[in-house]
Amino acid sequence: MKKILSVLALSLIILTITTGAKARQNENIKPEIPMIIKSDIETEAEIEEDTVTEDDVNDSVSSVADNLKEYAAKFLGTRYVWGATGPKSFDCSGFTSYIFRNQGIKLHRTSSAQFTQGTKVAHKKWLPGDLLFFSSRRSGKGRVGHVAMVVDVNPDGSCTFIHASTKRGVVYQKFPDGGYYSRNYVGAKRIIDTV
């Protein structure tokens, strides 16, 4: 409808200008034609091109998450070394910060500092690219000492994450696991849509 109205308005302006110019030429009067520059007239299609929709944002976030997952998978099997930041070895937060940095996203160095970034995500509302935080033997119960990144989410809200584990290096892990990670879960943060 907008497009039709825009075309009708433009046609009316052109018709008025043309009619006025012909009448003035007959009277030997120099016509005063207002200048309409085509680039100043936005079509509905051009307006829609410039408009960023929620779907565009979701697609962009999804694309970043896919890139993070793909890049992280390249390091499966890389050994764990406390304090290591990659790429030949990682600790947990060294791994997440290295992966996110590849997408131009800066994460703090430690898991507890990374927990201060992003927005809180409710339990089982995780999306790929979200960070999951856990307490560890070193940090103590209830205090962040480990971080992992969600790679896939199931319809029931459970997920698979990738992380640098102390015993097996970079691996995938199901969560909740009904064991260690379930007992030590602290919370989750969404980083991608906040950068």
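Author: What follows begins with the overall layout and then turns to the salt bridges and their surroundings. This is a predicted model, in which local features need pLDDT of at least 70 and side-chain atom pairs count only at pLDDT 80 or more, while totals for chains, interfaces and linings use all residues. Residues are numbered from 1 along each chain as its sequence is written, and side-chain values use heavy atoms, with hydrogens and water left out.

The secondary structure of the protein comes to six helices and eight strands, where helices (H or I, at least four residues) and strands (E, at least two) are DSSP runs numbered from the N terminus. Along the sequence these elements follow the pattern α-α-α-β-β-α-α-β-β-β-β-β-α-β. Of the 195 residues, 35% count as buried; buried means under 20% relative accessible area, exposed means over 50%, and partly exposed lies in between, with a 1.4 Å probe and protein chains only.

Now to the part you asked about. A salt bridge is a side-chain nitrogen of Lys or Arg within 4 Å of a carboxyl oxygen of Asp or Glu, and by this rule the count comes to four. Asp66, Lys69 and Asp152 are linked in a network of salt bridges. An α-helix has 3.6 residues a turn, so residues three or four places apart point the same way. Lys69 also forms a salt bridge with Asp152, the closest N and O atoms being 3.6 Å apart. Because Lys69 lies in helix H3 and Asp152 in strand S5, this pair ties together parts that are 83 residues apart in sequence.

Another salt bridge joins the side chains of Arg109 and Asp91, at 2.9 Å, N to O. This pair links distant parts of the chain, 18 residues apart, with Arg109 in the loop between helix H4 (92-101) and helix H5 (111-114) and Asp91 in the loop between strand S2 (89-90) and H4. Arg109 counts as partly exposed at 32% relative accessibility, whereas Asp91 is buried, with a relative accessible area of 6%.

Helix H4, which is named in the places of both Arg109 and Asp91, is mostly covered, since nine of its 10 residues are buried. Among these buried residues are Cys92, Phe95, Tyr98 and Phe100, and Cys92 counts as buried because its relative accessibility is 6%.

One last point concerns the cysteines. A disulfide is a covalent bond between the sulfur atoms of two cysteines. Here a disulfide is counted when a pair of cysteine sulfur atoms lies within 2.5 Å, and the structure holds zero disulfides. Cys159, for its part, is buried, with a relative accessible area of 1%.
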